[in-house]
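Let's take a walk through this one together, strand by strand and then into the loops. Have the sequence and the model open side by side.

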Amino acid sequence: MPPRLSHHVQRTGDENGVVWCGAQYGILSAYTTPYFRTTDGGVTWKSTGYIQHAWSPIALPGSQTIIVAGDQSPNMYRSDDAGLTWRTMPSPGGMLTGCVQAGICGVYVQNDHGLYTSSDLVKWT
């Protein structure tokens, strides 16, 4: 069972990432296993059945939206229900590094051509 974490985002080693949407909902991403989801603050975890190699998922503040960038892939994925369902979303293209971060001005993602930002999760500059 994954550990209960009190931080908003914590990376555990180089293969897993945990992100929280508020106090109860969380997603654990891993290298070759499905994402795991908690709805009780980390007391119990269940597999989502969704497998996507990504290092650091992010949760957008004030929502249940989680975003992941595929590692060495041109694809980004989004969940608007705290990780229950996933869909592809627009990305800047290129080979992504698997790392995505949120900031005051938007979301940032890195690929093999540089660093990109988006304020609407559709257009990347």
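Start with the open sheet of three strands, ordered β10-β11-β12 and paired in antiparallel fashion. Strands here are DSSP runs of E with at least two residues, numbered from the N terminus, and two of them count as a pair if DSSP finds at least two bridges between them. Strands of a sheet pair through backbone hydrogen bonds, either parallel or antiparallel. At the edges sit β10 (96-103) and β12 (114-118), each pairing on one side only. On average, neighbouring strands of this sheet are turned by 20° against each other, with direction ignored; the axes behind that angle are lines fitted to C-alpha atoms, and angles run from 0 to 180 degrees between N-to-C directions.

Before going on, a word on the ground rules. This is a predicted model, where local features need pLDDT of at least 70 and side-chain atom pairs count only at pLDDT 80 or more, while totals for chains, interfaces and linings use all residues. Residues are numbered from 1 along each chain as its sequence is written, and side-chain values use heavy atoms, leaving out hydrogens and water.

Now look at β10 and β11 (residues 106-111): five bridges join these antiparallel strands. Ala102, for instance, has Val107 in β11 as its bridge partner.

Ala82 isn't a glycine, yet its phi is positive, about 60°. You'll find Ala82 in the loop between β8 (76-79) and β9 (87-89). Is Ala82 buried or exposed? Ala82 is buried (under 20% relative accessible area; exposed is over 50%, partly exposed in between, with a 1.4 Å probe and protein chains only), at a relative accessible area of 0%.

Leu121, in the segment after β12, is also no glycine and has a positive phi of about 65°. Leu121 is buried too, with a relative accessible area of 9%.

How values were computed
Helices (H or I, at least four residues) and strands (E, at least two) are DSSP runs, numbered from the N terminus.
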